[in-house]
Amino acid sequence: MGLDSSDHTSPLRPDTAPSSSILAHKDQEFLERDELRPIRIGLELLKPELIQREENIQSTIVVFGSARLHEPAAAEQALHQAEAEAARMPNDPTCRQTVAIAKRKLELAKYYDVAREFGRIVSSTCQIDGRCDYVVVTGGGPGIMEAANRGAADVNAKSIGLNITLPHEQRPNPYISPSLNFEFRYFAIRKMHFLIRAKALVAFPGGFGTLDELFETLTLLQTGKTESVVVVLVGRDFWERLINWQLLVDCGLIIQQDLQLFHYAETAQQAWDLIARHNGAPNT
């Protein structure tokens, strides 16, 4: 007598298979274990590296600045909205503060256009005949980062975005080259990729993230861990109001020579001229 079909043992479906029967590299739950952190870190370092090699990315320029600074038209609209709200509630201190902040952000909105122009100048100068030198790389978000990626897109050039997974979702801006739009879990590995190919760091007005990358780079230069990165601060008035560099010297916390680790620029062309002169790059 033949066996009934119900007597045959069928293969386990993937959704019901015990973890032990799943190939290790396909077992997501296994890969998320704390003990696998070194493997995840290694993969996160290797994947963007291999893709950039395949895309022939030879060198980069890191552009940092606030995700909260938008192009002038949007900043002006935000100010009008804040003023309208304050007019409805003239005695509300929060509304008055919102208006004051919106006015300052409108003053800083000019740097969106400068960052966009910088991305355009660098990309049109250095991505010629298949070369991929001085490719713009940003943190992938909105604001100044969007502007720099947008400038590269204006001239149909490649640009890179190193986005980071955050509790409050940050979407990559739409101007990053799709094949160079990377997502990171670990800040430390993302930091490494910012500087692996970097010839320069251009810092626009920004907050904690911008200051973090700026001081990390200055520390690497100060300690001799790198010598190839030119640091350009765009907007001298902002930076000198924000940081009392001379106080650090006067207190003996840095030496006078350390102030030569960075340069100031006001325009996109000035920033690129500084970088090109330092690295012997082709100028516009």
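Residues are numbered from 1 along each chain as its sequence is written, and side-chain values use heavy atoms, with hydrogens and water left out. Because the model is predicted, local features need pLDDT of at least 70 and side-chain atom pairs count only at pLDDT 80 or more, while totals for chains, interfaces and linings use all residues.

Helices (H or I, at least four residues) and strands (E, at least two) are DSSP runs, numbered from the N terminus. Two strands are taken to pair if DSSP finds at least two bridges between them. Seven strands form an open sheet with parallel pairing, in the order S4-S3-S2-S1-S5-S6-S7. Its edges are strand S4 (181–184) and strand S7 (262–265), each of which pairs on one side only. On average, neighbouring strands of this sheet are turned by 25° against each other, direction ignored; axes are lines fitted to C-alpha atoms, for helices over the stretch in contact, and angles run from 0 to 180 degrees between N-to-C directions.

Strand S3 (residues 159–164) runs parallel to S4 and is joined to S4 by four bridges, with Leu-162 opposite Phe-182 in S4. Helix H6 (residues 144–154) packs on the sheet and touches strand S1 (60–64), strand S2 (135–138) and S3, contact meaning heavy atoms within 4.5 Å. The direction of H6 makes about 160° with that of S2. Three bridges join S2 to S3, and Thr-138 stands opposite Gly-161 in S3. S1 and S2 are likewise parallel and joined by three bridges; the bridge partner of Val-62 in S2 is Val-137. S2 is covered on both faces, with Val-135 and Val-137 buried on one side and Val-136 and Thr-138 buried on the other. Buried means under 20% relative accessible area, exposed over 50%, and partly exposed in between (1.4 Å probe, protein chains only).

A nonpolar core is a set of buried Ala, Val, Leu, Ile, Met, Phe, Trp, Tyr and Cys residues joined through side-chain atoms within 4.5 Å. The largest has 33 residues, and those with the most contacts inside it are Ile-160, Leu-233, Trp-239, Trp-245 and Phe-262. Neighbours within four places in sequence aside, Phe-262 contacts Leu-218, Val-231, Leu-233 and Trp-245. Another core, of 30 residues, lies apart from it and includes Val-114, Tyr-134, Ile-144 and Phe-204.

Rings of Phe, Tyr and Trp (its six-membered ring) pair if their centres lie within 6.5 Å; planes under 30 degrees apart count as stacked, over 60 as edge-to-face and the rest as tilted. The structure holds seven aromatic pairs. Phe-64 and Phe-194 are edge-to-face, because their ring centres are 5.0 Å apart and their planes stand at 70°. Phe-64 lies in strand S1 and Phe-194 in helix H7 (residues 187–195), 130 residues apart. Phe-64 is buried at 6% relative accessibility, as is Phe-194 at 0%. Tyr-134 and Trp-272 also form an edge-to-face pair, with 5.4 Å centre to centre and 80° between the planes. Tyr-134 lies in the loop between helix H5 (110–126) and S2, and Trp-272 in helix H11 (residues 268–279), so the pair ties together parts 138 residues apart in sequence. Tyr-134 is buried at 8% and Trp-272 at 0%. Phe-215, Trp-245, Phe-262 and Tyr-264 form one aromatic cluster.

With a disulfide defined as a pair of cysteine sulfur atoms within 2.5 Å, the count is zero. The sulfur of Cys-132 is too far for a bond, because the closest cysteine sulfur, in Cys-126, is 11 Å away. Cys-132 is buried, at 5% relative accessibility, whereas Cys-251 is partly exposed, at 48%.
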